[in-house]
Amino acid sequence: MHYLLFYDVVPDYAQRRLPWRSEHLRLASEAHERGELLLGGALADPVDGAVLLFQGDSPAVVEQFVRADPYVRNGLVRAWRIRQWTVVVGPGATLPACAAACATETTGAVMSYVTERSPAV
């Protein structure tokens, strides 16, 4: 399963994070090496948050990251939330809920079109 971690950060986050940046990046790198953190980074223009993409069996790995993150522990993150994310396109995608129905509908539409437009044999 995939989980998105959203951080809402303090207004002067870009400057205030500097003393804890190397510890934060180490934590993120370790999570990435374990295969838990896939992508992560700050939002730009304005720098008012961050989004990190995790994978795991439960949100526990994300919660563990949050508890250890120096940005959270030192008040740079005003609020955070974890959302389960259903990925339907790209590496690690789960099968879309309508995959079978969509395939049947598409096949039926194509067959119907072919049947209606083909000359009689």
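This is a predicted model: local features need pLDDT of at least 70, side-chain atom pairs count only at pLDDT 80 or more; totals for chains, interfaces and linings use all residues.
A salt bridge here is a side-chain nitrogen of Lys or Arg within 4 Å of a carboxyl oxygen of Asp or Glu. Residues are numbered from 1 along each chain as its sequence is written, and side-chain values use heavy atoms, with hydrogens and water left out.

**Confidence**
- The average pLDDT (the predictor's confidence in each residue, from 0 to 100) is 85, and 78% of the residues score at least 70.

**Core**
- A nonpolar core is a set of buried Ala, Val, Leu, Ile, Met, Phe, Trp, Tyr and Cys residues joined through side-chain atoms within 4.5 Å.
- Buried means under 20% relative accessible area, exposed means over 50%, and partly exposed is in between (1.4 Å probe, protein chains only).
- The largest core has 20 residues, and those touching the most other members are Leu-5, Tyr-7, Tyr-13, Leu-37, Leu-52, Phe-54 and Phe-65.
- At least two core residues come from each of strand S1 (2–9), helix H2 (21–33), strand S3 (49–55) and helix H3 (60–68); helices (H or I, at least four residues) and strands (E, at least two) are DSSP runs, numbered from the N terminus.
- Setting aside neighbours within four places in sequence, Tyr-13 is in contact with Ala-42, Val-47, Tyr-71 and Leu-76.

- S3 has 5 of its 7 residues buried, so the rest of the structure largely encloses it.
- S1 and S3 pair in the antiparallel sense over 7 bridges; pairing takes at least two DSSP bridges between two strands.
- S2 and S3 also run antiparallel, joined by 5 bridges, and Leu-37 stands opposite Phe-54 in S3.
- S2 and S3 form a hairpin with 6 residues between them.
- Asp-45, in the loop between S2 and S3, has a positive phi of about 50 degrees although it is not a glycine.
- Asp-45 is exposed, at 77% relative accessible area.
- The peptide bond joining Asp-45 and Pro-46 is cis, with omega about 10 degrees.

**Charged residues**
- The structure holds 5 salt bridges.
- Asp-8 and Arg-81 form one of them through their side chains (3.2 Å, N to O). Asp-8 sits in strand S1 and Arg-81 in strand S4 (residues 77–85), so the pair ties together parts 73 residues apart in sequence.
- Asp-8 also has Gly-49 as its bridge partner in S3.
- Arg-73 and Glu-23 make another salt bridge, with their closest N and O atoms 3.2 Å apart. Arg-73 is in helix H4 (residues 70–73) and Glu-23 in helix H2, so this pair ties together parts 50 residues apart in sequence.
- Arg-17 lies in the loop between helix H1 (13–16) and H2. Arg-17 is buried yet has no salt bridge, and Asp-69, the nearest side chain of opposite charge, is 10 Å away; Lys and Arg count as positive and Asp and Glu as negative, with His and the chain ends not counted.
- Leaving aside neighbours within four places in sequence, Arg-17 is in contact with Ala-42, Tyr-71 and Leu-76.

Technical notes:
Contact means heavy atoms within 4.5 Å.
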